Amino acid sequence: MGTARRLILVLIVLIALASSTAYYATEMSLRGVPVRERVMGWLAVGLTSSVCALVMVIIWRSLGKTVQIVRHQLSLLEGSGEVGLIMVDSHDELGMLVQEFNHYLTRIKSRFEQVKLQKRELDIQIRVADVEKKHTEAIIFSISDAVVVTDSFDELVLANEAAERTFGFRMSECYRQPVGQVIRDPQFVRLISDARGENMEHRRRVVEYSGKVEGQPRSFNVTLSGVMDSKGRCNGVVAVMHDVTREKEIAAMKTDFVSNVSHELRTPLSSIKAYVEMLVDGEAEDEQTRREFYDIIQNETDRLGRLIDNILNISRIESGVIRINKQPLALTSVIKDALEVAKPQAAAKQIELIDQLSVVCHQVNADRDMLYQAVLNLLSNAIKYTPAGGSVTVRSVSDDARHLVRVEVKDTGVGLSPEDQAHIFEKFYRVEASKNMAKGTGLGLSLVKHIIETVHEGEMGVFSRLGQGSTFYFQLRLCD
Amino acid sequence: MSKRIMVVDDEAHILHVVSLKLRNAGYEVQTAGDGEEALELALAEPPDLLITDYHMPVMNGVQLCSQLRAHEQLKSIPAVMLTARGYALEPEDMEKTGILTLLSKPFSPRELLAVVQQVLEGNGVAQGAE
């Protein structure tokens, strides 16, 4: 029987008792029953009421106990964070309620298990995605080209160090900021928004872009790729900027070089052709003129040969295929030979060649032909870039402590700016300011440096001030 | 009176050989090593024809011809240009600078003489017609 019914029954009994007691007491007093008997009646009523109250208390305590069990189990479940069932050994309404509640809990529990499983899967996916993200970032950060990644709102989501340097911002401060606010170059920002807006059928496009990096103009090839979702919508843009400034410079230098070389080759060739034709046509009337023509032809042929040697040697040294024939030789004699050959060139410009070579015979282990060419190139350069009437001095000094010999070629020419000194030994480099003074290929000094440093493990350098002449020097190790 | 020709080149050998060829052909020859010197000499005594190299220090051959044309008395001097770079000029530029012919180096003195004779004769006729 249910608790409620039990309570109602007890209540009805109590009410019945109370009303019958009241009726009995009234009857008794009307009939004039003595007080002792009336007391007996009251006692009977009191006893019955006490029994009823006792029964109520028992019922109430059993109910409280069940509630206590349920509460205890609930608090245990709460502490465990699990979903479990509540066990109650009772078949009254509360037991039934708990049973219903347990059905409901069973459903929740199975749903809870499902969610837990899904959560575990998601956790794994997140970890995988995180690792992949780190990989992608590592790849992007290791690229020397600048990489900028934007989202569908043209906000910056990723950029590597090269990009930070190129545009002068810090990614940590600019995450998810509009790219137009971070990169202050409207031209580049337009490239990105255009790439996103386009229905990028090919998904990849390379455009040329030139901007300033740290105040210096630079050229880039920018590869723009759309980040497409499964529905073919563009969710962002990846821009990879390949700096082609140096490549362009080299290409320009090469074009310049080919043009210079062809000019340099044509000049002696023109003289040779012209003089030969004059001889053939009998334009040189006397023997002395003919003799003079023959000499010129010979000198010009040598000049042509030297030029071709320079070009070939530099490429041979660079590619490492040149045969080097090193042997102990007297440095002074090599320099004297070169001086002899440079004499006519100096005389033609009224330049005095001053020989201050040490009388001591410095023995070096060297390739005679190459060393000769190096010295001749230095002399010829000094004469070329010294105005008529100047002088070119050749000195040699030995540094016995360091077991070295040092050769200096000093001119009274135009001199070099610090900027030019930094580049003067680079292949194809020509000093802009003195380009007009003399013709050249931009190879001579580069070849000398190769000969001294690459072939002979020596040292080569220059001291110069604009307008105050230049001193080119090299140092070689003396023979033991 | 023989015609006066000015030869401008920074290569002494070219100056030598060209002037010899022209002198042998009966022309009077004046030489200059760069554009500035040429301009000075031309102003002092205008030549009948200018033979100039293109690639020279101070100023190139085209600049020299334009500068010559800036002077009233040197305006009508025809020019022949020698070039070692396969340099090409637009016909309008040639007309503007008075350059009649381009000869590429290495050139033949014989060919140069033929060009000079043709230009000077043509020039002579033109002057005579005026």
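This is a predicted model: local features need pLDDT of at least 70, side-chain atom pairs count only at pLDDT 80 or more; totals for chains, interfaces and linings use all residues.

Modeller: A crossing of two helices is called left-handed if the near helix is turned anticlockwise from the far one by less than a right angle, and right-handed if clockwise. Helix α8(A) covers residues 245-280 and helix α9(A) covers residues 287-319; their axes come within 9 Å and cross at roughly 160°. Angles over 145 degrees count as roughly antiparallel, so α8(A) is roughly antiparallel to α9(A).

On the α8(A) side, the contact is made by V261(A), E264(A), L265(A), P268(A), L269(A), S271(A), I272(A), Y275(A), V276(A), M278(A) and L279(A). Helix α9(A) answers with R290(A), F293(A), I296(A), I297(A), E300(A), T301(A), R303(A), L304(A), L307(A) and I311(A). Sorted by class, the residues of this contact are 15 nonpolar, two polar and four charged.

The axes of α2(B) and helix α3(B), residues 61-69, come within 10 Å, and the crossing angle is roughly 25°. Angles under 35 degrees count as roughly parallel, so α2(B) and α3(B) are roughly parallel. The crossing of α2(B) and α3(B) is right-handed. Helix α2(B) contributes G35(B), A38(B), L39(B) and A42(B), while Q63(B), L64(B), Q67(B) and L68(B) come from α3(B). This contact has five nonpolar and three polar residues, and no charged ones.

Five strands of chain B form an open sheet in the order β2-β1-β3-β4-β5, with parallel pairing. Its edge strands are β2(B), residues 28-32, and β5(B), residues 99-104, each of which pairs on one side only. From one strand to the next, the twist averages 20°. Within the sheet, strand β3(B) (residues 49-53) and strand β4(B) (residues 79-83) pair in the parallel sense over four bridges. One of the positions involved is L50(B), whose bridge partner in β4(B) is A79(B).

Helix α1(B) lies across β1(B), β2(B) and β3(B), and runs at about 170° to β2(B). Helix α2(B), residues 35-44, packs on the sheet by touching β1(B) and β2(B), and its direction makes about 165° with that of β1(B).

Helix α1(B) has a part in the chain contact as well. That contact takes 20 residues from chain A and 19 residues from chain B. On the chain B side, α1(B) (12-24) and α5(B) (109-129) each supply at least two residues. The largest share of that side, seven residues, comes from α1(B). By class, the side of chain B that touches chain A has 10 nonpolar, four polar and five charged residues.

Chain A has a sheet of its own to compare. It is an open sheet of five strands in the order β7-β9-β10-β12-β11 of chain A, and its pairing is mixed. Strands β7(A) (352-356) and β11(A) (459-464) stand at the edges with a single partner strand each, so one side of each has no neighbour in the sheet. Neighbouring strands here are turned by 15° against each other on average, direction ignored.

Even so, β7(A) is hardly covered: among its five residues, the count of buried residues is zero. Helix α11(A), residues 368-384, lies across β9(A), β10(A) and β12(A), running at about 25° to β10(A).

S417(A) and V431(A) are 14 residues apart in sequence, and their C-alpha atoms are 9.2 Å apart in space.

Key:
Residues are numbered from 1 along each chain as its sequence is written. Chains are lettered from A and ligands numbered from 1 in the order in which they are written. Two strands pair if DSSP finds at least two bridges between them. Axes are lines fitted to C-alpha atoms, for helices over the stretch in contact, and angles run from 0 to 180 degrees between N-to-C directions. Two residues are in contact if their C-beta atoms, placed from the backbone, lie within 7 Å. A residue is buried if 20 or more other C-beta atoms lie within 10 Å of its own, exposed if 12 or fewer, and partly exposed in between; C-beta atoms are placed from the backbone. Ala, Val, Leu, Ile, Met, Phe, Trp, Tyr, Cys and Pro count as nonpolar, Asp, Glu, Lys and Arg as charged, and the others, Gly among them, as polar. Angles under 35 degrees count as roughly parallel, over 145 as roughly antiparallel, 65 to 115 as roughly perpendicular and the rest as oblique.
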